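Q: Hi, could you walk me through this structure? I'd like to go over it piece by piece.

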Amino acid sequence: MGMSSPTSLPVTPIAITSGISFKRRYKACFTKRQLATLTSLKKSAGLAVKETAARSASCKFIQDVGKKIGFPQTTISTAQALYHRFYVYYSIRDFAPQDISVACIFVASKIEETIKKLKDVFVAVHSVKYPGSKELDPENVSEERRRKIIGYEKLLLETLCFDFQFRHPYEYVIKFVKWIQAFQELDAKRLAYKAYELAVDSYRTSLCVEYPAHTIAAGCIYLASRLLTKEDPTFHGLAEEQPWDQLFLSRIDDMEDVCQQILDLYINAGNATATQCTQIKIELNEQAHRRGPDPNSDEVTRQEMKARTPDWEFDGTTPLDVKYMIIIRIVSISNITPLARL
């Protein structure tokens, strides 16, 4: 598709290893270099493959539990975003993904004002883990387990820096599709439905901590149009000649990375459309090669956004270790009630 990147010049990023950057403050999105560095700081470089698999499995688990309880998709996606944000700073070596998943569901229900008691969450978790078994009696949940989840709730809130504002791509998918429909022929309903599905599945990747919601929505619409065109050549999707990156207020490189990560998710899962996904990946790579590097990005920005695998680990105590020890101490002695609890 004919595209040109926005003309706004990027701001040169601050090195993640500078002293001030280790002061915990809410950060909406992280560059790939920052994520790789944080992975190395938490000494999880050797667990990268396991953490990726755990991320996908845990987010599917959160999706299943959320549906079992009857939560709307926004609550489920908030819980998944909480999971991703927690493991930006902490390792699966130190915190069991399933316990953190339960805490994320509990906290998300409060953030999105779809509150459920912790015992109701435990019942749903048991039902998903052991389908067909007898329903769990909430009275059989040990006090130790309940206290553990409450402790993780405090840790989650600290990780968020008590910033509870979450934006999801779903609203942008609907708005963007309606807007596109106003100036070109479009199978809007099919496109919106497919893009919505892709946006839901995007939470099984780390996209929600890499890009803002509108960029994820743009990438999902862009990918949905390609997938539907592959399935049905008569489908009216996005017009080839439009500069969609400018119209969606996103970099084309970012939109394509959203597409690539979702495609990788489907290919690795052995999805029925794996062959189509592979073909689209090849087309996207060829398109990026023909286009060349973004002329509006400097070398520092390109290095920050470049995909990389953590290949080193800190030897000894790191700034994250110090923060971790302080947090655990605070959680263990604090008598502060996190959020209003039923």
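A: Happy to! First, this is a predicted model, in which local features need pLDDT of at least 70, side-chain atom pairs count only at pLDDT 80 or more, and totals for chains, interfaces and linings use all residues. Residues are numbered from 1 along each chain as its sequence is written, and side-chain values use heavy atoms, with hydrogens and water left out.

Q: Great. How many helices and strands does the protein have?
A: There are 14 helices and 0 strands. Helices (H or I, at least four residues) and strands (E, at least two) are DSSP runs, numbered from the N terminus.

Q: And what share of the residues counts as buried?
A: Of the 342 residues, 49% are buried. Buried means under 20% relative accessible area, exposed over 50%, and partly exposed in between, with a 1.4 Å probe and protein chains only.

Q: What about contacts between residues at least 24 apart?
A: Those make up 81% of the contacts between residues at least 6 apart in sequence. Contact means heavy atoms within 4.5 Å.

Q: Let's move to helix pairs. At what angle do helix 11 and helix 12 pack?
A: Helix 11 (residues 252–268) and helix 12 (residues 274–291) pack at about 155 degrees, and their axes are 9 Å apart. That makes the two helices roughly antiparallel. Axes are lines fitted to C-alpha atoms, for helices over the stretch in contact, and angles run from 0 to 180 degrees between N-to-C directions. Under 35 degrees counts as roughly parallel, over 145 as roughly antiparallel, 65 to 115 as roughly perpendicular, and the rest as oblique.

Q: Which residue classes are in that contact of helix 11 with helix 12?
A: The contact has 10 nonpolar, 4 polar and 5 charged residues. Ala, Val, Leu, Ile, Met, Phe, Trp, Tyr, Cys and Pro count as nonpolar, Asp, Glu, Lys and Arg as charged, and the others, Gly among them, as polar.

Q: How does helix 8 pack with helix 11?
A: Helix 8 (residues 188–202) packs with helix 11 at about 80 degrees, with the axes 10 Å apart. That makes the pair roughly perpendicular. Glu197, Leu198, Asp201 and Ser202 of helix 8 meet Ile262, Leu265 and Tyr266 of helix 11.

Q: And helix 8 with helix 9?
A: Helix 9 (residues 213–231) and helix 8 pack at about 120 degrees, with axes 8 Å apart. That makes helix 8 oblique to helix 9. Residues making the contact include Leu191, Leu198 and Ser202 of helix 8 and Ile216, Cys220 and Leu228 of helix 9. By class, there are 11 nonpolar, 2 polar and 3 charged residues.

Q: New topic: is Lys110 buried or exposed?
A: Lys110 counts as buried because its relative accessibility is 9%. Lys110 is found in helix 4 (residues 97–111). Its C-alpha atom is 8.9 Å from that of Thr75, which is 35 residues away along the chain.

Q: What about the phi of Cys161?
A: Cys161 has a positive phi of about 55 degrees, although it is not a glycine. Cys161 lies in the loop between helix 6 (143–159) and helix 7 (170–181), and is partly exposed, with a relative accessible area of 25%.

Q: And where does Leu249 lie?
A: Leu249 lies in the loop between helix 10 (244–247) and helix 11. Leu249 has a positive phi of about 55 degrees although it is not a glycine, and at 67% relative accessibility it counts as exposed.
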